[in-house]
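Subject: Structure handover

Hi,

Here is the structure you are taking over. Please look through it first; my notes follow below.

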Amino acid sequence: MRVLKLTLVLACLLAVITAVLPTHADPRDLGRETLALNDGWAAEGAGTTGGAAATADQVYVVTNRQELVAALNNGVYPPPSNPSDVPKIIYVSGVIDANVDDNNQPLVCEDYYRDGYTLDAFLATYDPAVWGRTPPSGPLEDARLVSRNAQQARVRIRVGSNTTIVGMDKDATIRGAWLDLRGTTSVNRTNIIIRNLNFEDTYDCFPAWSPTDGALGSWNALYDSISLRNTDHVWIDHNRFEDVTTADHLLPHYLGVLYQVHDGLVDITNASDFVTVSWNRLLNHDKVMLIGSSDGAIADRGKLRVTLHHNLFASTGQRTPRVRFGQVHVYNNVYKIGGHVPHVYNWGVGIESAIYAENNLFTVANGVTPDMFMARFNGTAVHETGTLWSPPLPPPYQPVDARAAYNAVNDPDLAGDVGWTPTLFIEVEPTQQMARPVLRNAGPFDW
Ligand code: CA
Ligand code: CA
């Protein structure tokens with residue numbers, strides 16, 4: 001008995017010591033952290049380690065665009081056509097603006113004008129009252145494309161395999177950039193971690209005018225804050241994505257419709273696979289997350305496996321997410337519907353999609369009802385359980401069967417069996433219990 005007691009005491013002591021020791025002996029280094037075992041689809045196989053194995057000469061602290069681009073390219077600037085796949089850790093300090101020249105001086109849209117392009121001339125030339133409703137063509141449309149490429153050469157920042165990019169503190173910011181994670185159809189990019197960063201105001205100075213897109217036509221912009229194409233094993237964690245100075249409600253209307261300068265926040269397409277998106281704040285944006293870019297992209301079949309957990313989506317329009325083909329686990333996220341951006345829907349059930357939604361929470365401030373939490377785009381089924389909602393704040397929240405609510409007012413109905421059950425997750429928490437931690441802890445933090 002005494003031996004047993006002593007063993008217990010020793011075991012307890014050991015547990016206390018091991019729990020306390022690492023924080024003292026080994027202060028937290030976000031750059032060396034890797035995705036936890038089983039933490040979503042990015043934990044598949046060997047998991048996601050990013051640049052954790054970087055040697056000392058591949059550890060960078062960057063404070064401006066040029067330093068960031070050089071760090072992604074083995075120190076080389078201007079960068080070669082393909083970014084470096086050598087393991088590297090990049091710490092971002094302060095605010096990095098992508099719309100700058102090589103002397104880090106700010107560039108505005110007019111600085112990218114080429115070949116006689118001006119916005120005024122473009123609007124005057126392609127006004128449907130003058131030009132009609134055929135797509136723009138001719139010298140001014142050509143000049144728009146040349147001008148667009150001039151901006152793209154600044155804002156498009158290519159990220160290679162085996163990379164970790166982390167913010168030094170909660171204020172580390174990348175503004176106006178498009179992080180382009182792109183492999184080829186034969187060789188994927190792989191093993192990338194992006195954490196603890198503020199992504200603000202990714203914008204396209206030269207959106208395309210599409211006169212027959214919608215009843216009135218529309219402006220279609222390029223550039224997501226982060227895009228994944230032919231890329232696997234990516235962990236996007238504790239970031240904030242938000243339009244601030246370019247928020248939609250601050251943008252003008254041209255040719256009768258909103259002059260939309262944004263595309264997605266995080267778009268995952270072109271046979272990308274094994275992605276975990278956790279603990280992010282995604283704010284004030286219309287089209288948030290596209291998983292699968294077209295119904296005809298059958299190379300996406302069996303891929304586009306993504307986990308979304310503990311994210312806050314607030315004042316978003318649509319695509320949180322919109323899914324084609326993929327098995328997508330959506331659990332313990334908080335959706336705050338309201339604010340400046342008109343709500344369209346949350347979960348987009350696209351062709352051959354298999355969304356498995358568990359224990360998500362919705363707060364609604366503008367008359368949106370649970371039948372509007374999802375929308376069908378050639379999909380047939382969605383698994384949805386444990387949803388709570390509150391019309392409007394404050395709590396108490398009420399349980400709701402959002403799929404039944406959708407089916408009650410739409411035909412054809414969405415079935416409930418999506419043909420798979422998630423196995424890669426750590427813990428699906430009770431809906432009410434996770435809400436406060438997500439509201440408080442999602443997004444960047446000081447470490
Ligand atoms: Ca996109
Ligand atoms: Ca129905």
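Two strands count as paired if DSSP finds at least two bridges between them. One such pair is β6 (residues 173-175) and β9 (residues 198-200), which run parallel and are joined by 3 bridges. Within that pair, T173 has N198 of β9 as its bridge partner. Note that this is a predicted model.

The sheet around that pair is open and has 10 strands. Its order is β3-β6-β9-β14-β19-β22-β25-β28-β31-β32, with mixed pairing. β3 (95-97) and β32 (398-399) are the edge strands, pairing on one side only. Helix α7 (residues 431-441) packs on this sheet. The helix touches β19 (281-287), β22 (312-318), β25 (334-337), β28 (361-364) and β31 (388-390). Its direction makes about 70° with that of β25.

Another open sheet of 10 strands runs β1-β2-β5-β8-β13-β18-β21-β24-β27-β30, and its pairing is parallel. β1 (59-62) and β30 (383-385) each have a single partner strand, so one side of each lacks a neighbour in the sheet. On average, neighbouring strands here are turned by 10° against each other, direction ignored. β5 (residues 163-167) pairs with β8 (residues 189-195) over 4 bridges. There, I165 stands opposite I194 of β8.

β11 (218-220), β16 (257-258) and β19 each give two or more residues to the lining. By class, the lining has 8 nonpolar, 8 polar and 5 charged residues.

Best regards

Terms used: Residues numbered from 1 in each chain as written. Chains lettered and ligands numbered in written order. Predicted model: local features only at pLDDT ≥ 70, side-chain atom pairs only at ≥ 80, totals over all residues. Heavy atoms only, no water. Contact = heavy atoms within 4.5 Å. Axes fitted to C-alpha atoms, helices over the stretch in contact; angles between N-to-C directions. Nonpolar A, V, L, I, M, F, W, Y, C, P; charged D, E, K, R; others polar.
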